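Trainee: I would like to learn how to read a model such as this one. Please take me through it feature by feature.

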Amino acid sequence: KSANPQWREQFDFHYFSDRKDMLDIEVWRKDNKKHEELLGMCQVDITALPMKQTNCLELPLEKRPGSLLMLIAVAPCTGVSISDLCVCPLGDPSERQQISQRYCIKNSFRDIKDVGFLQVKVLKAVDLLAADFAGKSDPFCVLELGNDSLQTHTVYKNLNPEWNKVFTFPIKDIHDVLEVTVFDEDGDKPPDFLGKVAIPLLSV
């Protein structure tokens, strides 16, 4: 119930060179659990922003009253990657040794924000729900750790997809939970939910 909301939340988006350069932002309102209304949207051209500094932007909403105040920083991506199983980043013994040295006990307080390093191999799913009329699904998998999010490619018309991808995340909070969600791609419509598993980092 506010026309001037303050969220003060930080989100990390991993920007790779093969992605589009525009950041799309939408503002929605909720009356209740069922009714939602789009209040406005705007875009930010990532390529136009200076690197390695925090940019304070006031963005007017397109065709609607109101504006968004945002802080956006574009910085080199460290510790995050998506790769195929055959070129696993920690497959190299020397790289594993470097990581082990970096997080050994004596280096614990060198960088308080650099808690650790998580690698997830997403191999396959089995016996997924059929979301399409043809008795198939177009599944893809989304991994979320804190406000970090990465995803696999879509395997079309398959209830037993194999992704064979390796994801690496820097850990910023040891109490975070890794959430792995499988969705069915549905064209221009929002994807359908096919299932989810949550893994607390402290259980690994």
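**Domains, interface and rings**

Mentor: Start with the interface: between domain 1 and domain 2 the count of salt bridges is zero. Keep in mind that this is a predicted model.

Trainee: Which residues make up domain 1 and domain 2?

Mentor: The domain assignment places residues 1-77 in domain 1 and residues 81-203 in domain 2. Taken over C-alpha atoms, the centres of domain 1 and domain 2 are 25 Å apart.

Trainee: How many residues of domain 1 and domain 2 are in contact?

Mentor: Five residues of domain 1 touch six residues of domain 2, with contact taken as heavy atoms within 4.5 Å.

Trainee: What area is buried between domain 1 and domain 2, and what percentage comes from carbon and sulfur atoms?

Mentor: About 540 Å² is buried between the two domains, and carbon and sulfur atoms give 46% of that area. On the side of domain 1 that touches domain 2, there are two nonpolar residues, two polar residues and one charged residue.

Trainee: What is the order of the elements along the protein?

Mentor: The protein has one helix and eleven strands. From the N terminus the order is β-β-β-β-β-α-β-β-β-β-β-β. The C-alpha atoms fill a box of roughly 55 × 50 × 30 Å along the principal axes.

Trainee: What describes a pair of aromatic rings?

Mentor: The distance of the centres and the angle of the planes describe such a pair. Here the count is two aromatic pairs. In one of them, the ring centres of Phe183 and Phe193 lie 6.4 Å apart with the planes at 75°, so this pair is edge-to-face.

Trainee: Where in the chain do Phe183 and Phe193 sit?

Mentor: Phe183 is in strand E10 (residues 177-186) and Phe193 is in strand E11 (residues 189-200), ten residues apart. Ring pairs join Phe140, Phe183 and Phe193 into a cluster.

How values were computed. Residues numbered from 1 in each chain as written. Predicted model: local features only at pLDDT ≥ 70, side-chain atom pairs only at ≥ 80, totals over all residues. Heavy atoms only, no water. Phe/Tyr/Trp six-rings, centres within 6.5 Å; stacked < 30°, edge-to-face > 60°. Helix = DSSP H or I, 4+ residues; strand = E, 2+ residues; numbered from the N terminus. Domains from an automatic or database assignment. Buried area = accessible area lost by both parts, 1.4 Å probe. Salt bridge = Lys/Arg side-chain N within 4 Å of Asp/Glu carboxyl O. Nonpolar A, V, L, I, M, F, W, Y, C, P; charged D, E, K, R; others polar.
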